[in-house]
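Good morning. I will take a few minutes to go through one structure, piece by piece. Please have the picture open while I talk.

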Amino acid sequence: METKNILIVGVGGQGTLLASKLMGKCFMEMGFDVKVSEVHGMSQRGGSVVTYVRYGDKVFSPVIEKGEADIIISFEQLESARWLSYLKKGGVLISSTQRIDPMPVIMGKAEYPAEILEKIKEKEINLVSLDALSLALEAGTAKCANIVLLGAAVPHLGIDKETWIETIRSTVPSKTIETNLKAFELGYNS
Amino acid sequence: MNKSLMLGNEAVARGLYEAGVNVISSYPGTPSTEITEFASKYDDMYSEWAPNEKVAFEVAFGAATGGARSFCAMKHVGLNVAADPLYTASYIGVNGGMVCAVADDPGMHSSQNEQDSRHHAIASKTPMLEPSDSQECCLFTKLAFDISEEFDTPMLLRLSTRISHARSIVELNDRADIPVKEYKKDVMKNVMMPAMAKGAHIKVENRMKAMADFADTKAVDLGINKVEIYSKKLGIIAAGSAYVYAREAMGENASYLKLGMVNPLPVKLVKDFANQVDELVVIEELDDIIETHCIKLGLKVKGKELFSFLGEFSHKTVLDALTDKKAEFECFDEDVPARPPVLCAGCPHRGLYYALKGMGLYVSGDIGCYTLGAQAPLSMMDSCVCMGASVSALHGFNVARGSEQAKKSIAVIGDSTFIHSGITGIIDIVYNKGISTVIVLDNSITGMTGHQNNPANGLTIKGDPTTSVDLEALAKAVGFKSVHVVDPFDVKATKELVKAELQKEEPSLIISRRPCALLKSVKHSAPVVIDEDKCIGCKACLNVGCPALSTGKKSDGKGIALIDNTQCVGCGVCAEACKFGAIKKGGTN
């Protein structure tokens with residue numbers, strides 16, 4: 001099987017690392033070779049963050065380059081715009097509608113582009129957009145927006161829902177299982 | 001088979017466990033930190049955070065002298081700090097095996113320079129292994145201990161960001177039962193004075209010759225150095241992350257000499273490989289060490305004429321240099337504003353920096369989360385070099401420019417960085433009759449590397465209570481008479497204290513004390529509230545540089561400050577910036 005590439009992008013602190021960890025574990029248990037590449041340290045402090053998930057028969061490089069991602073899961077609109085060029089032709093962009101202004105925008109030194117997701121849609125890109133933050137709050141906490149987005153991505157990942165539910169059960173802290181599963185369902189059904 | 005998806009760093013920790021390691025001492029540094037965090041979860045191994053890398057290396061070396069398998073980890077610049085013991089440890093050798101992991105950061109995701117730690121291996125004549133994925137992180141760690149004991153040498157294990165922070169599958173094995181070896185007094189081996197060191201240097205040179213033979217022979221049998229022959233039109237020599245990029249990009253359209261031992265480099269293996277291929281290319285991130293080796297062997301090779309000395313590579317770097325393949329993709333048509341990292345909402349450093357703003361100060365900075373205060377809108381840093389330099393460089397700056405300048409200059413240094421190497425700097429100030437003012441930003445944690453306990457916060461690596469360094473008493477003991485503690489969220493008090501201390505004709509130490517907002521033990525207040533009637537939309541509050549603050553429009557079209565309630569923790573520093581009393585602190589949560 002040709003290696004599949006999933007890019008997870010967002011803002012430091014949004015919980016992108018848990019989503020990639022869950023995916024990596026699930027693909028490994030399905031028998032694939034997996035590489036998940038993360039950036040820790042300085043970028044985590046509210047900066048733009050990206051995690052690369054790759055799986056297939058044998059994966060060498062831990063990173064994904066422009067035009068290579070089968071799926072991009074984006075936690076924030078501006079990050080969808082920033083990483084759009086990494087999407088493969090025919091790939092799927094799953095984007096939260098959440099907006100977090102970066103410091104240059106807050107300071108009035110740069111402008112947050114208007115209607116980002118509409119403009120991306122006009123490019124005939126396969127876009128799935130959802131308000132992951134509101135759905136996460138509905139599930140119980142803003143912190144599980146990552147699991148909402150994972151749920152929304154699952155129909156495009158070609159692995160059955162039950163396998164993901166089992167992976168979530170065995171990975172997240174036991175106290176948070178119910179909230180995370182609710183978040184997963186909300187994302188899956190969105 | 002029991003297997004697990006592990007970060008490279010986690011796999012090194014697993015390797016330590018399986019190798020029967022007893023003693024681990026490290027100082028945190030991205031991208032190396034998680035090795036020791038994961039190692040601390042194995043109860044069979046003693047682990048600790050040391051105050052700095054030199055101490056960590058020496059603790060591990062002492063343990064090796066005492067007969068235990070021992071380990072230390074650090075980032076690339078940390079090895080500069082530990083270089084002093086490294087170079088002589090190489091002469092002495094070991095009793096129990098010793099491995100030092102050093103993590104480079106090509107692309108500088110979280111570092112102040114892009115140095116190549118292989119130079120330290122060469123200069124200190126220490127053998128160095130370099131894994132290319134998590135499985136090798138575990139395996140090479142174990143092999144490094146065997147080699148260390150066989151050749152009587154400390155070993156270096158070179159990692160890089162994409163190896164340390166990438167997860168891949170690791171096969172798990174049991175822990176080896178390695179008893180602590182007997183210690184016998186041996187002055188000729190263990191005491192390095194000129195008479196002994198002369199003999200030891202001969203031993204080192206002979207060892208490196210033996211190691212070079214090992215690289216050509218046994219290293220191949222053990223799977224450390226590997227030859228993979230596919231198309232013979234192109235032969236690629238690479239190690240670590242560069243190998244996986246090359247293999248991804250070129251597949252079976254090239255042959256590979258994958259080097260798992262990067263010091264010393266093999267001779268026969270390289271020559272034989274070169275003879276089998278039409279064209280020879282070396283792919284290496286950072287410096288041209290393998291390429292230079294090939295040139296010394298008289299081989300025709302391409303390296304840095306195709307690949308940069310700068311930054312991080314990827315498989316695309318290899319494709320661009322060696323093929324005509326071009327990727328197709330769509331771009332977003334408008335400018336996408338950058339999103340630099342920022343101080344978190346509720347960060348205590350923000351209060352301090354905001355208090356200092358507008359005082360016209362020269363701020364001698366240091367390494368940590370608070371380095372982010374160098375960026376707009378706070379813009380509160382004039383220099384940043386390395387761990388601890390804020391204090392000593394401030395003294396130099398003030399000596400050069402006189403006492404009037406000293407009254408307009410300060411150093412800012414975090415608690416962990418102060419313990420690491422700020423203490424010697426304050427001793428220098430007192431001893432040499434300086435009058436500098438130093439501010440220790442004590443947030444009770446080593447923050448930037450992801451929350452490690454340190455000697456100043458009273459908790460060990462395992463979270464057990466321990467004696468904490470009393471920073472006030474320490475400053476007084478070295479001779480500071482003026483030592484004060486202030487809460488940085490009290491912006492007015494902080495400002496007044498700093499002004500008063502700067503005027504004194506003696507050295508001052510101010511401890512700006514409040515725990516990191518991300519610590520679980522910290523209780524947050526409710527978000528601040530904007531009074532719509534009072535806010536005139538002047539944007540003065542934005543000068544605190546808080547990611548939870550932005551501006552929008554009222555229903556009448558006039559500007560107003562907005563609070564992101566998911567981020568705001570109610571610290572109230574922005575309220576201090578509002579002249580109209582439009583920002584009200586919320587209640588307690």
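**Starting from one residue**

V11(A) sits in strand β1 of chain A, which covers residues 4–11. Before going further, note that this is a predicted model.

Is V11(A) buried or exposed? V11(A) is buried, because 22 other C-beta atoms lie within 10 Å, and the cut-off for buried is 20 or more. Which residues does V11(A) touch, once its neighbours within four places in sequence are left aside? In chain A they are G46(A), S48(A), V49(A), F75(A), E76(A), E79(A) and I100(A), and R339(B) joins them from chain B. For a sense of distance, take K123(A): V11(A) and K123(A) are 112 residues apart in sequence, and their C-alpha atoms are 24 Å apart in space.

**Where the two chains meet**

R339(B) takes us across to the other chain, in contact with V11(A). How many residues are in contact between chain A and chain B? On chain A there are 49, and they are in contact with 46 on chain B. On the chain A side, the elements giving two or more residues are α1 (16–29), β2 (33–37), α2 (77–83), β5 (87–96) and α3 (103–106). The largest share comes from β2(A), with 5 residues. Sorted by class, this side of chain A has 25 nonpolar, 12 polar and 12 charged residues.

Staying in chain A, look at helix α6, residues 145–153. This helix is mostly covered, and 9 of its 9 residues are buried. Among them are N146(A), I147(A), V148(A) and G151(A).

The buried residues include Y243(B), Y245(B), R247(B) and E248(B). What covers them? The cover includes the strands β7 (155–160), β10 (234–239), β11 (255–259) and β13 (279–283) of chain B, together with the helices α8 (161–164) and α15 (315–322) of chain B. After α12(B) comes G251(B), with a positive phi near 50°.

**Chain B: domains and helix pairs**

Chain B is divided into four parts: domain 1 (3–221), domain 2 (226–322), domain 3 (348–513) and domain 4 (529–584). The centres of domain 2 and domain 3 of chain B, taken over C-alpha atoms, are 46 Å apart.

Now two helix pairs in chain B. In the first, the axes of α1(B), residues 8–18, and α7(B), residues 134–151, come within 7 Å and cross at roughly 30°. The angle is under 35 degrees, which means α1(B) is roughly parallel to α7(B). Their crossing is right-handed. Among the residues making the contact are A11(B), V12(B) and G15(B) of α1(B), and C137(B), C138(B) and T141(B) of α7(B). By class, the residues of this contact are 6 nonpolar, 4 polar and 3 charged.

In the second pair, α5(B), residues 83–92, packs with α10(B), residues 194–216, at an angle of about 80°, and the axes are 8 Å apart. That angle makes α5(B) roughly perpendicular to α10(B). From α5(B), S90(B), Y91(B) and I92(B) meet A197(B), A200(B), H201(B) and V204(B) of α10(B). Here the classes are 5 nonpolar, 2 polar and no charged.

An α-helix has 3.6 residues a turn, so residues three or four places apart point the same way.

Technical notes:
Residues are numbered from 1 along each chain as its sequence is written. Chains are lettered from A and ligands numbered from 1 in the order in which they are written. This is a predicted model: local features need pLDDT of at least 70, side-chain atom pairs count only at pLDDT 80 or more; totals for chains, interfaces and linings use all residues. A residue is buried if 20 or more other C-beta atoms lie within 10 Å of its own, exposed if 12 or fewer, and partly exposed in between; C-beta atoms are placed from the backbone. Helices (H or I, at least four residues) and strands (E, at least two) are DSSP runs, numbered from the N terminus. Domain bounds come from an automatic or database domain assignment. Axes are lines fitted to C-alpha atoms, for helices over the stretch in contact, and angles run from 0 to 180 degrees between N-to-C directions. Angles under 35 degrees count as roughly parallel, over 145 as roughly antiparallel, 65 to 115 as roughly perpendicular and the rest as oblique. A crossing is left-handed if the near helix is turned anticlockwise from the far one by less than a right angle, and right-handed if clockwise. Two residues are in contact if their C-beta atoms, placed from the backbone, lie within 7 Å. Ala, Val, Leu, Ile, Met, Phe, Trp, Tyr, Cys and Pro count as nonpolar, Asp, Glu, Lys and Arg as charged, and the others, Gly among them, as polar.
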